[in-house]
Amino acid sequence: MTSAPHPLQIQAAQCWARGDLYGADDALAALIKEQGGPTPQTDLMTLRLALDLLEFDRASAALERLRHPSKTDPNIALSGVRLLTWQGQSDEALTFLNEALQTSPDHPGLIALFITHGRDLTQTQIDHAEHIARTLPEKSPDKTGLLFPLARHYDRTGDAERSWSLITEANRLSSLRMGSQVDPERLKAAAINRAEKAIAKARQLPHATPHKQRHIYLIGAPRTGSSLIQSILSAHDDVDSSAERGALLPYLHEITDSSETPPQDHLSRLQTADLSGLDRAGRTAPILIDKTTHNAFVAPLITAIHPGSTFINVTRRPQDVALSMLFHEFPAAFPESTSLQGITAMLDARSTIMRAYEKAEFKVSEFNFDAFTDAPEEQGQTLGNLTGIAFEPRFLQPENRNAAVPTFSAGQVRQPIQPTPRNKWKRFADFMPTAVKERLDALAGAS
């Protein structure tokens, strides 16, 4: 008989589920103390939670304790491979993954990681992955978790038709699991409305007092290259990265979504709370970079909390952004991601919002990722000028850096900088609705 979970374990899980990572961490610490030290169960919780908190040394210590007695446990491997990949230890990650697959060859999560990170994949391995995907129920997250990397595999190998078939099915199932049909134009209107309210509320409310830490926000759409830009800027000794923290977003959404005006000291109190959270997370460098993409919709309120903040809208060819988003599985906070119509509408919304900010004299600088990869040294200097960070040529060697990169594209971010392929999206042009292509072309022309 399985014993009931400890109350502190339940408390940690509940805090974790609602996004209170430090509340979960406090409950976990109390559980470990009560049990007289870490156990395999608390080590696995520590590994997962430390990854979410970007506490990589702590995650590594938990993984080291877990790997000795149980190298092949799939639950350990799923988080362990994630950690090792973020840390740039791709060979060790593959070794660990292969160990786990030896005893759990049909585990869908492990197979998905292998399709994503494996090398010289055989058709037998791909066929096995497709077989496992077919056997899983439609509502299983593991099914979409396999279909996305399989679609990307066929994209890499040049089979556009098979790739499109798989990605269409993957996004159909993702949309069903999100629980509602997405109206792209309503999403666009809601995003624009939130930004307009952020402008208005930022004008109404007293701004917080400036403080010594300077904040830089990369607010481009997903899949625009912000991870590499963040990694490059974070190479400066005075700069730290908070990845995609987004801690302020729930409170800023309350402000924009409410018809009531908050107390006059509301933004000052939010500043105090945010700085306290950053201090606890060890993010106390003179300059901090955040690339939470949803900050784009509330940027005026953010600068009212952290005066002097810098906002950079990282852009790429919209066609490439749309296809890249479609081929990656996003959480429920990105309901637009399951269709080209939804993605295109939100890219359109972002373009409209940037024009609204310009009209409101709220400064957002644009930085084009395609231009950067074409001329890294020249555009690197431009990036330094936009952010006020003294740019150094060593920043352009991401393959030599050891800092962890917590992102979908951790492997790509560590590669030497090369020009992005031109018109890669056109391999799927025949599958794209005409209206979507025309709208993306218009967005490309407007940028």
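Okay, Arg-269: at 43% relative accessibility, this one counts as partly exposed. Here, buried means under 20% relative accessible area, exposed means over 50%, and partly exposed is in between, using a 1.4 Å probe and protein chains only. Its partner is Asp-265, and the two side chains meet in a salt bridge at 3.3 Å, N to O. By salt bridge I mean a side-chain nitrogen of Lys or Arg within 4 Å of a carboxyl oxygen of Asp or Glu. Asp-265 is partly exposed too, with a relative accessible area of 39%.

Quick word on what we're looking at: this is a predicted model, where local features need pLDDT of at least 70, side-chain atom pairs count only at pLDDT 80 or more, and totals for chains, interfaces and linings use all residues. Residues are numbered from 1 along each chain as its sequence is written, and side-chain values use heavy atoms, with hydrogens and water left out.

Back to salt bridges. How many salt bridges does a search of the whole structure find? It finds 25. One of them joins Arg-58 and Asp-25, at 2.5 Å, N to O. Arg-58 sits in helix H4, residues 56-67, and Asp-25 in helix H2, residues 21-34, so this pair links distant parts of the chain, 33 residues apart. When I say helix or strand, I mean DSSP runs numbered from the N terminus: helices are H or I with at least four residues, strands are E with at least two. Now, buried or exposed, what about Asp-25? Asp-25 is buried, with a relative accessible area of 10%, while Arg-58 is partly exposed at 28%.

Asp-26 is partly exposed, with a relative accessible area of 42%, and Arg-280 is partly exposed with a relative accessible area of 42%.

Next, empty space. Rolling a probe the size of a water molecule over the atoms shows where empty space is left. On a 1 Å grid over the protein atoms alone, a cavity is a set of points where a 1.4 Å probe fits but cannot get out, and lining residues have an atom within 4 Å of a point. Grid points are joined across faces, edges and corners, and a volume is the space filled by probe spheres set on the points. There are 2 cavities of 30 Å³ or more in the structure.

The largest cavity has a volume of about 130 Å³. It is lined by 15 residues, and the closest to its centre are Tyr-217, Arg-245, Leu-248, Asp-274 and Asp-290. Which elements give two or more residues to that lining? They are strand E1 (214-218), helix H14 (266-280) and strand E3 (287-290). E1 gives the most, with 3 residues. By type, the lining divides into 8 nonpolar, 4 polar and 3 charged residues. For that count, Ala, Val, Leu, Ile, Met, Phe, Trp, Tyr, Cys and Pro are nonpolar, Asp, Glu, Lys and Arg are charged, and the others, Gly among them, are polar.

The second largest cavity holds about 40 Å³ of space. Helix H17, residues 340-359, supplies the largest share of its lining, 4 residues. That lining has 6 nonpolar residues, no polar and 2 charged.

Ala-198 is found in helix H11, residues 184-204, and is buried with a relative accessible area of 0%. Ala-198 and Val-298 are 100 residues apart in sequence, yet 5.3 Å apart in space, C-alpha to C-alpha. Setting aside neighbours within four places in sequence, Ala-198 is in contact with Thr-256, Phe-297, Val-298, Pro-300 and Leu-301, contact meaning heavy atoms within 4.5 Å.

Thr-338 lies in the loop between helix H16 (318-326) and H17. At 13% relative accessibility, Thr-338 counts as buried. Not counting residues up to four places away, Thr-338 touches Asn-171, Ser-174, Ser-175, Met-178 and Leu-326.

Last stop, helix H9, residues 141-156. How many of its 16 residues are buried? The count is 12, so H9 is mostly covered. Those buried residues pack against helix H7 (108-117), helix H8 (123-135), helix H10 (160-178) and H16.

Key. On a 1 Å grid over the protein atoms alone, a cavity is a set of points where a 1.4 Å probe fits but cannot get out, and a pocket is an open set with protein on both sides within 12 Å along at least five of seven lines; lining residues have an atom within 4 Å of a point. The expected span of a helix is 1.5 Å times one less than its number of residues.
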